[in-house]
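Q: Hi! Could you walk me through some charged pairs and a surface patch in this one?

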Amino acid sequence: MNNNRVLKDYVSQQRASGVADEIIKNALIQSGWTAEQINQALLDNMTTNESTISENDYPIQQRWIAKYVIGNCIGLVFWTLLTLGSSYRLLTTTFVYLVISTIQIVVVYLRRKYYRYELQSQYLFLHQGVLNKQQRSIPYGVIQHVFVKQDILDRVLGLASLTIENAASGAGASNIFTRYAVKNKKNVNQDIIGFSGNSISIPGLLKDDAEALKTHVLTKMKENPIEDKQSGL
Amino acid sequence: MVMNIASSPTRDKYPLSTRKIAKKTLVGSLAWIIIIAILYPIIGVSFLYTGSTSDFITTTLVCLLILGIVCGITYAYQYWYFMVYYYDLNQDYIVIKKGPITPREITIPYERVQDVYVDQDIFDRLFGIYDVHLSSATISSGMEAHIDGVEKEGADGLRQLLLETVSKKLNRTAPPPPAPRQ
């Protein structure tokens, strides 16, 4: 029983790192496995439907939206203080501010609602978009680093955000705005939801969930190394 | 106030210098020091000309008080920052975590390290401490992943350890196939 598991793990790990079936077979025969066992393991590996981790396991909390509500309230207070001198404009400006922040909160809410992530066996699969739907599959091998952070409102609400980056700056799913941001090195660490440019952000996780998800991603990265080494050091 | 250092095997071996707190306090309150250094002679001397010695003394005291409060708060914050500063070069990853109020933690696998370098800015030279930078292929890792405020031996040791581990990781061969247990 345990024996089988060892064989299965070895096969899936070698396959994931791109080793040809023949080579796996030969190596295993040399270390004493029978051809039937190996063939079975190879077959099993093709057909197994591994349970994937997705946002059902580590959901983005509803109260993450509260961050934007609180942020906008604080902004409104400052805005009111700023415009207090010209009292006849106070109502208009407050109204404009409220409209803009409501739109922002609705947009953020919708983005969160249509955001899916899934840790598939070989790719990190992401799905986002309210009107323009986007899908992205990132091989674990190209992930550069994993970043867990909490800003002050996250601390208050007990949340944390997980950011994953690959080295594709200015490519793939980026648009003109993110390219501009990267070029100016501004807003690079901005806490957006979803993916854009080279970074994928999963905000609003519980602190423990963020840590657990980080561990899962790191394990996947270890299981799926890339063949040509990136570092030249 | 007694706090525990966020200790890790790496931090125990290559500790942060306590001079880092002094340096950060100086840099953090530098703006205030410069403002007061400019304003104090102007205001203080003008009081001396008009002959109101008591005003001159008050100005001096207020300036010293502001400096003291600014330096004190900065020192307390930097002491806290120093205490929770966590870095560990473990088996597979480089983990760096900093920030007492808003923690930020970065994890980089050794295979992704593109660059390791040690530098000193002018204040580091004054205090004799070093920054060890490492970076993967992204912009944000270059900004977040550095260990600053180690002494010479620590900087050299960390750099050596990083480079050795990276090259060891890259030359790694496939694990030997498991043998069946009878």
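Q: Where do A:Lys207 and A:Glu211 lie in chain A?
A: This is a predicted model, and in it both residues belong to helix H8 (residues 207-223), four residues apart, about one turn of the helix. Their side chains meet in a salt bridge, 2.9 Å from N to O.

Q: Is A:Lys207 buried or partly exposed?
A: A:Lys207 counts as partly exposed because its relative accessibility is 25%. A:Glu211 is also partly exposed, at 21%.

Q: Which residue pairs with B:Asp92?
A: That's A:Lys222, with the closest N and O atoms 2.9 Å apart. The pair crosses between chains: B:Asp92 sits in the loop between strand S1 (86-89) and strand S2 (93-98) of chain B, and A:Lys222 is in helix H8 of chain A. A network of salt bridges that share partners joins A:Lys207, A:Glu211, A:Lys214 and B:Glu105.

Q: How many salt bridges are there over all chains?
A: The count is 16. One of them links A:Asp154 and A:Lys67, at 3.3 Å from N to O. A:Asp154 lies in helix H6 (residues 152-157) and A:Lys67 in helix H4, so this pair ties together parts of chain A that are 87 residues apart in sequence.

Q: Is A:Asp154 buried or exposed?
A: Buried, at 2% relative accessibility. A:Lys67 is buried as well, at 8%.

Q: Switching topic, which residues make the nonpolar surface patch?
A: A:Ile70, A:Ile74, A:Val77, A:Phe78, A:Leu81 and A:Leu84 make it, with an area of about 580 Å². A:Ile70 is found in helix H4 (residues 64-83) and counts as partly exposed, at 31% relative accessibility.

Technical notes:
Residues are numbered from 1 along each chain as its sequence is written. Chains are lettered from A and ligands numbered from 1 in the order in which they are written. This is a predicted model: local features need pLDDT of at least 70, side-chain atom pairs count only at pLDDT 80 or more; totals for chains, interfaces and linings use all residues. Side-chain values use heavy atoms; hydrogens and water are left out. Patches are made of residues with over 30% relative accessible area and no salt bridge: like charges are joined within 9 Å, nonpolar side chains (Val, Leu, Ile, Met, Phe, Trp, Tyr) within 5 Å. Accessible areas come from the Shrake-Rupley method with a 1.4 Å probe; for residues, only the protein chains shown count as cover. A salt bridge is a side-chain nitrogen of Lys or Arg within 4 Å of a carboxyl oxygen of Asp or Glu. Helices (H or I, at least four residues) and strands (E, at least two) are DSSP runs, numbered from the N terminus. Buried means under 20% relative accessible area, exposed over 50%, partly exposed in between (1.4 Å probe, protein chains only).
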